[in-house]
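Let's take a friendly walk through a protein model together. Keep the structure in view and look for each part as it comes up.

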Amino acid sequence: MSLLSNQMSPARWAVLLAAVVGLELANRLTGAGTSLMLAEMLILAIFAASLNLLMSYGHMVSFGHAAFFGLGAYGFTLAVSRAGLPVELALLFGPLLAGFGGLVFGALCVRLTEIYFAMLTLACAQITYTVLFQWYDVTGGDTGITGFMPARFGLSEANFTTLVLVVLAVCLALMARLVASPLGLAIRAVGQDRWRAEALGLAPRRVQLVAFVISAAFAGVAGTLFAAFQGAAFPDYAGLGFTLEALIMVVLGGLHSFWGGVLGAVLFTQLRHWAPVLTGHWGLLLGIVLLIFVIALPHGVAALGARLGLGPKGDRA
Amino acid sequence: MSPLLSARQVRKAYGSFVALNNIDFDLARGERHALIGPNGAGKSTFIACIAGQLPGVEGSIRFKGDEVARLLPAEVAKRGIGRTFQISRAFLQMSALENMTAAFIIASGRWASLSRALLAEAEDRAGGMLATVGLAARAGSRVADLSLGDRKRLEFGMVLAGDPDLLLLDEPTAGMSIKERHHLMELVATRAEEAGKTLLFVEHDIDVVLKIAQRVTVMVRGAVLAAGTPVEIAANAQVQAVYLGGHH
């Protein structure tokens, strides 16, 4: 039960390895359409994992996480299109702008807790969306920014998907490192009982702000990749739609689990991809699935995995 | 020697209701001091005032000579005042060991670190502290699965982890069996004595108070009614009247 030995069981490593190999095989063997679908899935997995970090460990529910996805996309896009930076260098500006946005908005939001915190995040995201939507001279407004780079850096569909898979792996490794650190423990402590944490000498808002900025920066990585994937950035990236999708992914995948965001992103994108085979009513299907999960599997797919014996419940947040 | 803690004219009101009415209170270094009184006397409010958890506290609270009355709880904690809560507070979804490790990490002041070495060291010390408070066998249990008594022990240990000079314990034995009560309070007194800690605790069980406390302050309706040694307090007619009046 030690924190340091709280590492992945061999069974989990095996499942993870099989998943990676399976993904790469599907990516290489089933054509460009599948590769594109997988690339989007993996980018959304990074995005959902960043929200999961905030929700499962910091117990902070954000209704505005897409703000940082959008800022990531625009930070990268503007660095290329307006500042004329080389693409490789511009990639840094996505997470940077998202992290900076996280710092500014986070400093505001952590002043309140629970539903009031959530409403502030919503307000901040709406402000972001409106600025991106209205500031024509810089952001291109509702027509977005297009044509500033070849989509996917000019990589083939399959190669781009492999690249995204690598970035996802790096992000998850960093997140795992964070979770199993003193900082991770402090974030969980404040999330679980801010009074206790405070009485022990921890300033809760400071810890929450750090968690918020880190989570925003990871969302910015996802946004940057998404802009590179599309070769374009639109205000919708910061809109409520993306926020809701990320929230749904975390719930489907499993709150209070490290893998919740990733699993949720996989389930969500696969459902959306295959839904047309079953029904023309995607929204209805999603609603029903969400209903079933919240009632029957409140801890999501991840809890199902734990029940199947894939490691101890050691990754509980 | 100047007192470790010295409160003067401490007042806390909620609208028109005065919870604490100009309290004067001194605590000597190394003392074990009990705060007693009927429900609603303001004992927990006073503890919360010292710990910095209430806004709008009037008057002065000096700790080691410094004014602490309007500091934030985390700042009060860093200056050496640790507290437990009436309803024990811990990180419910974590194991006892993780809770204790978190307490040591917070005490180290290096919570923003990513160092595994720091975590390992804190965990090591946490194991020792769990043994000290008699929870070695429950190290892996989630707090949510611990008994009330074990939670109180854990919380006490977590506060000790910060090595505070002053321990504020708000009803440390509430809801425990008589046997458990005496066990816990013996542990508390022993640890406090060994480490030279000053102890201020709220307690309803008079047997426990008489056994543990060196001094007792009786509060009634937001004011100090009497203060003295346990023997003096037990013999105080006013106190007897309040206790008989309050409980029957």
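## Where the two chains meet

Ten residue pairs are in polar contact across the interface of chain B and chain A, both partners having pLDDT 80 or more. A polar contact here is a pair of N or O atoms within 3.5 Å; within protein, one must be able to donate a hydrogen and the other to accept it, and residues adjacent in sequence count only if both atoms are side-chain atoms. On chain B, the elements α2 (73–78), β6 (81–84), α3 (96–108), α4 (116–132) and α5 (148–161) each supply at least two residues of the side that touches chain A. Helices (H or I, at least four residues) and strands (E, at least two) are DSSP runs, numbered from the N terminus. The largest share of that side of chain B, seven residues, belongs to α3(B). By type, the residues on the side of chain B that touches chain A are 22 nonpolar, seven polar and nine charged. In this grouping, Ala, Val, Leu, Ile, Met, Phe, Trp, Tyr, Cys and Pro count as nonpolar, Asp, Glu, Lys and Arg as charged, and the others, Gly among them, as polar.

This is a predicted model: local features need pLDDT of at least 70, side-chain atom pairs count only at pLDDT 80 or more, and totals for chains, interfaces and linings use all residues. Residues are numbered from 1 along each chain as its sequence is written, chains are lettered from A and ligands numbered from 1 in the order in which they are written, and side-chain values use heavy atoms, with hydrogens and water left out.

## How much is buried

How many residues does each chain bring to the contact? Chain B gives 38 residues and chain A gives 31 residues, where contact means heavy atoms within 4.5 Å. The two chains bury about 3200 Å² between them, with 67% of it on carbon and sulfur atoms. Buried area is the accessible area (1.4 Å probe) that two parts lose on being put together, summed over both. In chain B, Ile106(B), Trp111(B) and Arg116(B) lose the most area to chain A, together 22% of what that side buries.

## Salt bridges

A salt bridge is a side-chain nitrogen of Lys or Arg within 4 Å of a carboxyl oxygen of Asp or Glu. Over all chains the count is 20 salt bridges, and three are found across the interface of chain B and chain A. Asp193(A) and Arg89(B) form a salt bridge through their side chains (3.0 Å, N to O).

Another salt bridge joins Arg28(A) and Glu24(A) (2.8 Å, N to O). Both residues lie in helix α1 (residues 10–29) of chain A, four residues apart, about one turn of the helix.

## A sheet of four strands in chain B

Chain B has an open sheet of four strands in the order β2-β1-β4-β5, with antiparallel pairing. Two strands pair if DSSP finds at least two bridges between them. The edge strands, β2 and β5 (66–67) of chain B, each pair on one side only.

Strands β1 (residues 5–14) and β2 (residues 17–27) of chain B pair in the antiparallel sense over seven bridges. Tyr14(B) has Phe17(B) as its bridge partner in β2(B). Their hairpin has two residues between the strands, and Gly15(B) takes a positive phi near 60° there.

## A sheet of six strands in chain B

Which order do the strands of the six-stranded open sheet follow? The order is β6-β7-β8-β3-β9-β10 in chain B, with mixed pairing. β6 and β10 (223–228) of chain B each have a single partner strand, so one side of each is left without a neighbour in the sheet.

Strands β7 (residues 166–170) and β8 (residues 198–202) of chain B pair in the parallel sense over five bridges. Leu166(B) stands opposite Thr198(B) in β8(B).
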